[in-house]
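My entries follow, in the order I made them.

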Amino acid sequence: CHDGSISVYNVVFNTVHGLYQDRYAYRENMTDVVIQHLATDQRARIKCRDFVKKIAIYRDRLAVQLPDRIIIYELFHDDASDMHYRIKEKLQKKLDCSLLVVTTSHIILCLERKLQMYNFGGIKEREWNLDAMIRYIKVTGGPPNKEGLLVGLKSGEILQIFINNHFPIPLVKQITSVRCLDLSLSRTKLAVVDDHNTLFVYDVPSKTLLFQEPDTNSVAWNSEMEDMLCYSGSGLLWIKVGNLPAHQQKLHGFVVGFKGSRIFSLQVYTMTAVEIPQSAALDRYLEKREFKEAYRVACLNVTEGDWRRLAYEAMEGLCFEVARKAFVRVRDLKYIDLVRGFEVVGGESKYEPDLFLADIYTYAGRYHEAAKLYKRANKPQLAIAMYTDLNMWDHASLLATETNTPLTSILTQKAQTLQTSNDILAAAQTYIDLNEPIQAINLLGTHGHLAQLITVARDLPRSDTKSLSLCAVYFRKHGHHAYAAETLAKLGDFKHLLALHIEQTNWHDAFAVVEMHPQFASVLWLPYAEWLAANDRFMEAQTYFRKAGHADDAVRVLATLTRNAVTERRYDDASWYHWMLSREKSGGPHDELADLYHVYFSVFRYVEEPFVTMLPECILNMAKYVWAWLDRQPCPSPPGVSRVRVLLAITRLAPSLSAFKLARAAYEKIANLIVPAAWQDKLDVGAVTIRAAPFSDNEELGMMCYVCASVNAVCAVKLVCSNCKAPFVYSFYSFTTLPLVEFCVDTDITDDEALNLVHADPPLLIGGTGGMLSAALGSPKGGLVTTASERSLFSEKPEIVKKHAADLDGAVAIINEDDEFRRQMFARSGGAAEYAPIKLDRRGLTALNRHEVFVRSRNGRNQYFRKVVAGAG
């Protein structure tokens with residue numbers, strides 16, 4: 001200041017605001033009006049651009065007093081949540097007042113002891129002069145142009161004024177000044193807070209004091225429920241419903257409104273909406289069994305749990321209307337149907353409280369209590385049905401026993417329910433208890449419970465053949481051989497038991513069954529033979545095929561195996577199978593094919609594999625054998641035998657063994673065949689290179705013919721001698737010719753007789769070389785020793801026989817070297833145009849040394865050979 005002093009001022013602005021239900025309007029920044037929707041927290045701002053002195057709000061009207069005018073606003077849309085206001089009227093008047101309220105078509109100004117009412121056109125229509133200063137005014141609502149005002153005076157008098165009436169209506173007169181007041185929803189109760197912070201609640205019609213509470217600074221009735229009010233003070237909030245004790249909680253500020261479950265509290269300049277739980281009031285009403293009042297409280301917004309509690313207790317209290325409404329709230333269709341049924345039954349005068357309560361307890365899960373009520377109402381069947389529906393079978397059975405009800409239906413329903421719920425083991429046991437084993441077996445067998453099924457089978461009597469047979473069927477279906485065998489054995493069905501062992505290839509048990517019951521042997525032989533053939537046990541398979549009378553099947557299996565072996569290039573196996581076929585079929589080409597595939601297998605391995613263990617000379621002879629065999633056949637080559645591979649083996653081996661002439665012949669032969677592209681270049685180079693080699697062969701590679709003692713040329717690729725046309729007898733080990741000469745016997749000599757003649761002791765000879773021995777023995781003439789005196793010399797002088805036998809190259813028996821076999825063999829030494837085997841009669845067979853004779857059975861007949869080189873083999 002000019003005098004040098006400093007002053008501090010505290011500027012405080014009064015709160016300028018207005019409230020009607022859930023709409024709150026207040027001044028902000030001195031010139032703006034903010035309207036807040038407390039339920040949705042939406043806000044709208046009106047910029048007045050002037051000092052806002054007073055604010056009043058009512059329904060869809062908003063009045064704002066500025067220094068020189070009053071502006072009336074209205075909602076743009078008739079919507080409870082709309083927040084768009086527009087100017088309706090302007091009163092261009094300067095009107096001073098302490099309080100301002102607005103109605104549908106008027107504004108009311110409070111001037112200490114006077115109330116003046118102006119319409120929106122600015123015309124004063126009415127004025128009320130009161131006896132004391134006005135402390136509180138509130139619009140209580142009403143029809144348009146007939147709204148009511150609640151006025152509290154400093155003298156303690158509370159008046160009700162209707163704007164269309166000149167005369168105020170006294171409501172209550174108290175001795176203390178009014179600070180705050182509110183009227184209940186039905187305008188029958190009045191709440192007043194005086195200057196001493198005391199709350200008074202009056203009954204308006206009788207003007208009597210209902211109750212009073214100290215330490216209260218504000219009060220508000222619930223705008224949706226008649227008997228509910230709230231009041232606050234000292235940081236606490238009390239909520240009182242009817243005559244029930246008040247419920248308190250912490251709350252700072254002043255209560256200015258109460259709608260539903262929301263309390264509107266003003267704390268300094270902030271208006272907040274507080275959600276108040278109604279559970280306490282609901283609990284008290286439920287304790288008093290006042291379900292309709294409890295329902296009214298619940299409608300103010302309680303939790304779903306509270307709604308359910310109200311519904312259950314109202315239903316137990318047989319207040320079905322409230323229960324139904326409560327269940328509708330929680331959308332519980334099950335209980336809605338139940339309550340509606342109760343209402344229908346009650347309407348038909350069939351009221352039975354015990355049955356109602358029993359049904360209620362059933363729905364609520366209090367099953368045992370429900371069962372007791374059913375029994376008390378003489379309806380035990382309902383309790384049994386309840387227990388069976390709940391799968392409480394033990395309780396159902398116990399109750400049925402107590403009430404002498406048959407158990408069969410209960411157990412049947414139990415089994416069906418357990419089966420539906422996929423509890424197979426329990427269902428099967430129930431069927432067994434019902435003495436229905438077929439049902440139990442079908443259940444266990446279908447679902448594969450074999451351990452339980454065998455227990456059932458063991459417990460069944462032998463006379464129940466139908467059930468035991470069904471058990472065996474399921475065991476076989478699931479592949480449990482042991483259980484099936486045990487069941488069939490118990491049943492005594494050995495035919496099916498044998499079939500089971502055969503199916504499982506359990507031959508040991510199958511033979512055991514046949515041993516005990518030989519009449520079933522014919523059933524076993526054929527499948528066992530097929531199994532043996534499939535497991536490469538062909539020799540045994542032949543025996544059992546013959547026992548079963550199916551020798552053709554043995555041949556068919558071998559033929560199939562032969563084809564498969566050739567296709568898979570297993571030529572050694574193909575040789576074996578052909579040999580087996582030759583034993584099955586007397587005659588035919590299988591013997592020769594067995595030899596061919598055996599030889600070709602080694603040639604094939606030489607061509608396809610990088611290393612072989614056989615000598616080159618041996619492989620070359622094998623290739624020549626196959627070549628000669630194929631050239632001899634006018635028909636196509638046997639399956640799998642490749643001429644190209646045979647000739648390719650010769651072209652590789654012959655040059656290295658100095659058989660150049662043979663190699664050139666192989667190259668010329670292979671040139672006429674289709675050769676794989678991978679070999680073509682090498683063959684072309686080899687065909688050119690071989691022409692530079694000498695046109696000769698290594699004579700040591702020639703085949704020796706022991707019939708005519710001639711050596712065949714290396715390049716002569718034949719299976720017979722080029723000179724005498726006798727077939728070569730090959731060693732299938734080294735594949736060189738053996739010193740054996742084939743001979744045959746007279747047609748009137750059987751094979752058995754021929755063998756006996758060969759194995760008989762030969763007669764001693766004195767002619768020829770034998771004459772040396774006869775001379776030494778003092779024989780007068782050479783020749784055959786036939787007389788008894790000559791034979792006695794051999795027995796009397798054995799040492800002389802042994803000495804001269806040693807001189808004859810160690811021969812054990814003295815045999816005439818000029819026998820029939822030698823004469824025929826030497827006759828062929830000059831060659832022949834056509835081969836004819838040596839033929840011997842009985843005398844010639846007897847003269848043979850049995851140690852030099854070899855017999856081979858082939859194509860159903862014997863082939864005879866004689867070793868012609870002494871000391872060989």
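**Entry 1.** I looked up α13 against α15 (residues 481-491). The two helices pack at an angle of about 10°, with axes 11 Å apart. α13 and α15 are therefore roughly parallel to each other; angles under 35 degrees count as such, over 145 as roughly antiparallel, 65 to 115 as roughly perpendicular and the rest as oblique. I note that axes are lines fitted to C-alpha atoms over the stretch in contact, with angles from 0 to 180 degrees between N-to-C directions. The crossing of α13 and α15 is left-handed (the near helix is turned anticlockwise from the far one by less than a right angle). From α13, the contact uses L450, A451, I454, A457, R458 and D459. From α15, Y483, E486, T487 and K490 take part. Contact here means heavy atoms within 4.5 Å. By class, I have 5 nonpolar, 1 polar and 4 charged residues.

**Entry 2.** This is a predicted model, in which local features need pLDDT of at least 70, side-chain atom pairs count only at pLDDT 80 or more, and totals for chains, interfaces and linings use all residues. Numbering starts from 1 along each chain as its sequence is written, and side-chain values use heavy atoms, with hydrogens and water left out.

**Entry 3.** Next I took α13 (residues 450-459) with α14 (residues 465-477). I read an angle of about 155° and axes 10 Å apart. α13 and α14 are therefore roughly antiparallel to each other. α13 passes α14 in a left-handed crossing. L450, L453, I454 and A457 in α13 meet L468, C471, Y474 and F475 in α14. That contact has 8 nonpolar, no polar and no charged residues.

**Entry 4.** Which residues of α8 (residues 380-389) are buried? I list P380, A383, I384, M386, Y387 and T388. Buried means under 20% relative accessible area, with a 1.4 Å probe and protein chains only. The cover over these residues includes α6 (353-364), α7 (367-376), α9 (393-402) and α10 (408-420). Just after α8, N391 takes a positive phi of about 60°.

**Entry 5.** Last, I checked T651, which sits in helix α24 (residues 643-656). Is T651 buried or exposed? T651 is buried, at 5% relative accessible area. Its side chain reaches the backbone oxygen of L648 at 2.6 Å. Leaving out residues up to four places away in sequence, T651 touches A663, A666, Y667 and L683.

Conventions: Helices (H or I, at least four residues) and strands (E, at least two) are DSSP runs, numbered from the N terminus. Ala, Val, Leu, Ile, Met, Phe, Trp, Tyr, Cys and Pro count as nonpolar, Asp, Glu, Lys and Arg as charged, and the others, Gly among them, as polar. Buried means under 20% relative accessible area, exposed over 50%, partly exposed in between (1.4 Å probe, protein chains only). A polar contact is a pair of N or O atoms within 3.5 Å; within protein, one must be able to donate a hydrogen and the other to accept it, and residues adjacent in sequence count only if both atoms are side-chain atoms.
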